[in-house]
Amino acid sequence: MKFGFDIDDTLINLRGHAFSIYQQKLEQEVPVERLDDFKRLEIHELFGLNEEEGRQMWMDHVEEIFFTNCSPFKGSLEVLNELAEKGHEIYYITARFKEFGERTKEWMKEQGFPVQDDHFYYGMNDDEKLHIIQELDLDYYVDDKPAVLDTLSDLRTSVYVRDQAYNRHLELPRVTDWYEFKRELGL
Ligand SMILES: [Mg+2]
């Protein structure tokens, strides 16, 4: 079968990683429970930054956020490797900017994710993922972002939402644990 995955906050805890970097850089001790309950993907408001300051903070630290030691979510590495070993096709579809695409691919390989060079897509807008998913004719696709998931309702692909505080309003099958996802699908 063909599986597609978003990367950030679906397979790896990028938001949590950015949160600890912001804490360090801004020297602010924001309790992590606030992040867990925060109903927005972008985290700058937790640090008292406005939209413009938040955008600037992200741009100033984006390389460090993307290419240091961000942790995979529990089970994501193992489950994707098992799927690949069983002969399933794994595709990655990330909206990370084009300039970071190839480095992201290498970074994912270094973390141990099963990456095939021609199964890796990046640099599209949220509403353009739809076309790639459609073209690849994926059986399953998992993402965390409402702006992406909202565009996918007419596909034959089974769409799953990776559970996060900011997407709980979506009525889609939910992945809270990668091992469970595998069990549920009988893989
Ligand atoms: Mg994401």
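This is a predicted model: local features need pLDDT of at least 70, side-chain atom pairs count only at pLDDT 80 or more; totals for chains, interfaces and linings use all residues.

Q: In what order do the six strands form the open sheet?
A: Strands of a sheet pair through backbone hydrogen bonds, either parallel or antiparallel. Here the order is 3-2-1-4-5-6, and the pairing is parallel; two strands count as paired if DSSP finds at least two bridges between them. Strand 3 (120-122) and strand 6 (174-175) are the edge strands, each pairing on one side only. Strand 2 (residues 89-94) joins strand 3 in the parallel sense over three bridges, and threonine 94 has tyrosine 122 in strand 3 as its bridge partner.

Q: Which residues have the most contacts inside the largest nonpolar core?
A: In soluble globular proteins, nonpolar side chains tend to be buried together. A nonpolar core is a set of buried Ala, Val, Leu, Ile, Met, Phe, Trp, Tyr and Cys residues joined through C-beta atoms within 7 Å. A residue is buried if 20 or more other C-beta atoms lie within 10 Å of its own, exposed if 12 or fewer, and partly exposed in between, with C-beta atoms placed from the backbone. The largest core has 28 residues, and Phe5, Ile7 and Tyr92 have the most contacts inside it. Elements giving two or more residues to this core include strand 1 (2-5), helix 4 (76-85) and helix 8 (178-184). A second, separate core of five residues includes Ala18, Phe19, Tyr22 and Ile43.

Q: What does phenylalanine 5 contact beyond its neighbours within four places in sequence?
A: Contact means that two C-beta atoms, placed from the backbone, lie within 7 Å. By that rule phenylalanine 5 touches Thr10, Leu11, Tyr92 and Val142.

Q: Is aspartate 9 buried or exposed?
A: Aspartate 9 counts as buried because it has 21 C-beta neighbours inside 10 Å. It lies in the loop between strand 1 and helix 1 (14-26). Most residues other than glycine have a negative phi, and most peptide bonds are trans. The phi of aspartate 9 is positive, near 65 degrees.

Q: And what is the phi of aspartate 137?
A: Its phi is near 55 degrees, again a positive value. Aspartate 137 sits in the loop between helix 6 and strand 4, and counts as exposed because it has 10 C-beta neighbours inside 10 Å.

Key: Residues are numbered from 1 along each chain as its sequence is written. Helices (H or I, at least four residues) and strands (E, at least two) are DSSP runs, numbered from the N terminus.
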